[in-house]
Amino acid sequence: MELLNRSKLKLYPRRSIKKTSIYLILFLFALVNAYPILWMMINSFKSEQEFLTNQLGFPHTFVLENYVNAWETANLGVLFGNSIFICITATLITVLFGALASFFLARFTFKMSKLVYTFFIFGMLIPIHATLVPMFILMRDLGLLDTPITLLFPYIAFHLPITIFLLTSFMKAFPNDIEESAIMDGCGVFRIFWSIILPMSRPALATVVILNFIYNWNEFSFALVLINDPAFQTLPLGLASFAGQFTTNYGAQMAGLTMSLIPIVVFYLFLEKEIVKGMTAGAVKG
């Protein structure tokens with residue numbers, strides 16, 4: 001008994017040191033990632049003069065006019081509306097068609113199924129920005145430049161491969177007994193997909209929804225090339241209007257960036273639980 005007690009006493013300090021080290025590393029990692037966001041939020045309340053003289057400290061006086069100037073200068077009301085419409089529409093269409101394709105590729109065996117799956121996965125290897133010029137020529141010939149739906153086509157096309165890859169891998173893990181039971185109860189193919197497979201895929205769906213939404217919200221290159229009309233510009237293009245050729249209103253720019261970050265944070269927090277479920281799926285048996 002004494003030997004066991006001594007061995008336990010020796011293990012406890014090691015465990016505590018290891019646990020403390022892990023928490024310290026995670027804290028430092030979180031600090032490194034959160035610092036740029038905190039720095040941006042703090043500087044959004046500074047005047048232009050204070051920003052140039054004191055970038056690392058807290059503001060002496062909170063200048064709320066930066067947010068008003070950012071909203072009016074960049075016309076953020078219109079930009080927010082355009083970005084929300086494009087992001088939500090593109091994300092919904094991508095996830096819906098990606099889930100349907102993943103369902104048939106993961107749960108059915110048919111000729112050329114592997115070829116079709118490989119075709120979609122091959123799309124992940126294509127450099128997206130290498131297609132800017134061909135995409136511009138195609139949209140120009142189709143007469144789709146400077147329209148509300150211009151950006152939907154590249155956003156959906158380039159996000160279907162990663163969406164299908166993630167959802168297909170997730171749906172393949174479901175046992176076949178689920179579908180057999182549903183068929184015995186009289187369910188059709190689309191009823192099985194909508195009422196059984198889709199709800200069971202919520203963790204993977206949350207992951208692909210966040211990936212699609214964040215990329216569509218922050219995408220700049222396609223929006224810059226395909227959209228010239230200010231009435232249809234997205235938020236990243238509007239934020240670029242703060243930077244002039246000779247001067248830059250840094251306080252207003254930081255305020256605009258802070259406001260553009262809020263929807264992303266809220267959207268992520270809303271789906272955080274589903275993402276955690278997806279990360280921990282399969283970690284425990286039984």
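**Ile-42**

I started with Ile-42 and listed its contacts, leaving aside neighbours within four places in sequence: Gly-57, Phe-58 and Pro-59. I took contact to mean heavy atoms within 4.5 Å. Ile-42 is in helix α1, residues 2-43. I used DSSP runs for the elements, numbered from the N terminus: helices are H or I with at least four residues, and strands are E with at least two. I also looked up the C-alpha atoms of Ile-42 and Leu-56, which are 14 residues apart along the chain and separated by 8.7 Å. Ile-42 counts as partly exposed because its relative accessibility is 23%. My cut-offs were buried under 20% relative accessible area, exposed over 50%, and partly exposed in between, with a 1.4 Å probe and protein chains only.

**Note on the model**

I am working on a predicted model, where local features need pLDDT of at least 70, side-chain atom pairs count only at pLDDT 80 or more, and totals for chains, interfaces and linings use all residues. Residues are numbered from 1 along each chain as its sequence is written, and side-chain values use heavy atoms, with hydrogens and water left out.

**The whole chain**

I counted the elements of the protein chain and got 14 helices and zero strands. Of its 286 residues, 35% are buried. I then took the contacts with a separation of 6 or more, and 72% of them join residues 24 or more positions apart. The accessible surface is about 18100 Å², and carbon and sulfur atoms hold 70% of that. These areas come from the Shrake-Rupley method with a 1.4 Å probe, and for residues only the protein chains shown count as cover.

**Thr-168**

I looked up Thr-168 in helix α7. Thr-168 has a relative accessible area of 0%, so it is buried. Not counting residues up to four places away in sequence, Thr-168 touches Ser-102, Leu-105, Ala-106 and Tyr-117.

I checked the length of α10 next: 17 residues, reaching 24 Å from the first C-alpha to the last, close to the 24 Å expected at 1.5 Å a residue. The expected span is 1.5 Å times one less than the number of residues. Among the buried residues of α10 are Val-209, Ile-210, Phe-213 and Trp-217.

Which residues of α10 and α13 meet? From α10 I noted Val-209, Ile-210, Phe-213, Ile-214 and Trp-217, and from α13 Ser-260, Pro-263, Ile-264, Phe-267 and Tyr-268. By class, this contact has nine nonpolar residues, one polar and no charged. Here Ala, Val, Leu, Ile, Met, Phe, Trp, Tyr, Cys and Pro count as nonpolar, Asp, Glu, Lys and Arg as charged, and the others, Gly among them, as polar.

**Positive phi values**

Most residues other than glycine have a negative phi. I looked up two residues with positive values. Met-112 has a phi near 65° and lies in the loop between α4 (76-107) and α5 (113-122). Met-112 counts as exposed because its relative accessibility is 56%. Asp-146 has a phi of about 55° and is in the loop between α6 (132-142) and α7 (152-171). Asp-146 has 27% relative accessibility, so it counts as partly exposed.
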